[in-house]
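Student: Hi! Could you walk me through this one? I have the viewer open.

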Amino acid sequence: MTYQDIQLDIRGDQQEIAVVRLTRGAKRNALSDALVLGLRNLFEQLPSTVRAAVIDGEGPHFCAGLDLSELQERDAGQGLHHSRMWHAALERVQYGPVPVVAALHGAVVGGGLELASACHIRVADETTFYALPEGSRGIFVGGGGSVRIPKLIGAARMTDMMMTGRVYNAQDGDRVGFAQYLVPAGQAVDKAIELATRIAQNAPLTNYALMHALPRIAEQPADQGYLTEAMMAAIAQSAPEAKSRLRDFLEGRAEKVRKD
């Protein structure tokens, strides 16, 4: 399978890790419509062996946002449909077949931050910086950022970024919640692959519940959330793999939780 401006590398003894690399390094991996559609198609067509994925960007930057050279004059209807195309593509990342770890470095800006926020885990290295320059350009986020980014850092911080052009460096971004891991420069991909390899060992139904059920439970009223949780817990524990893992634990064959 080939995708415009994307390299797909399937790794692991059982071909269980997909490393997805944006390959527009000369343009700081700015997101063209073709690249966005390529991401959608890729996540819809992942081989059945894949259990987790990593998204990375070639060169010194993860993704510097929308490719402004493609920005066209659109009427309201055209703009609406264009934004919804992005929504559908990034939804395939967030609610697709496998958990996704983003390996962040350099610019994570505008649409690049929207892409990162659609991933389930974010690993940033010390070169990473975050910005939402849409406000200064007279536009508004259109790739789901107004829904996903406030869930990471809060609406007030996102408002500040868009109104004032504030840029967060890697350390401050880690503090406010953009990433769950911060590593030395150049180590984000290795750490992301390490995490993806660990995630791929989980029971698939548990990973599915964490990707698809947990975000929805978090937005439900408590009484509905409890019911959804109970149903998901019942389904997950009924899987043959879950029963086998529980037997291994009870009979002393499974590794116990230990402090690092």
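Tutor: Happy to, and keep in mind that this is a predicted model. Let's start with β3 and β4, which pair in the parallel sense over 3 bridges.

Student: Which residue stands opposite A102 in β4?

Tutor: That's I55.

Student: Switching to helices: at what angle do α1 and α2 cross?

Tutor: Roughly 35°, with the axes of α1 (residues 33-44) and α2 (residues 76-94) coming within 8 Å. The crossing is left-handed.

Student: Which residues make that contact?

Tutor: From α1 you have D33, V36, L37, R40, F43 and E44, and from α2 H82, M85, W86, A88, A89, R92 and V93. By class, that contact has 8 nonpolar, 1 polar and 4 charged residues.

Student: What about α3, how many of its residues are buried?

Tutor: 8 of its 8, so to speak mostly covered, over residues 111-118. Among them are G111, L113 and E114.

Student: Last topic, the largest nonpolar core: which residues have the most contacts inside it?

Tutor: F43, I55, Y130 and F178, in a core of 45 residues. Elements that each supply at least two residues include β2, α1, β3, α2 and α3. Apart from this core lies another, of 16 residues, among them V54, V123, V183 and A200.

Definitions and conventions:
Residues numbered from 1 in each chain as written. Predicted model: local features only at pLDDT ≥ 70, side-chain atom pairs only at ≥ 80, totals over all residues. Heavy atoms only, no water. Axes fitted to C-alpha atoms, helices over the stretch in contact; angles between N-to-C directions. Helix = DSSP H or I, 4+ residues; strand = E, 2+ residues; numbered from the N terminus. Left-handed = near helix turned anticlockwise from the far one by under 90°. Contact = heavy atoms within 4.5 Å. Nonpolar A, V, L, I, M, F, W, Y, C, P; charged D, E, K, R; others polar. Buried < 20%, exposed > 50% of the residue type's maximum accessible area, 1.4 Å probe, protein only. Core = buried A, V, L, I, M, F, W, Y, C linked by side-chain atoms within 4.5 Å. Pairing = 2+ DSSP bridges.
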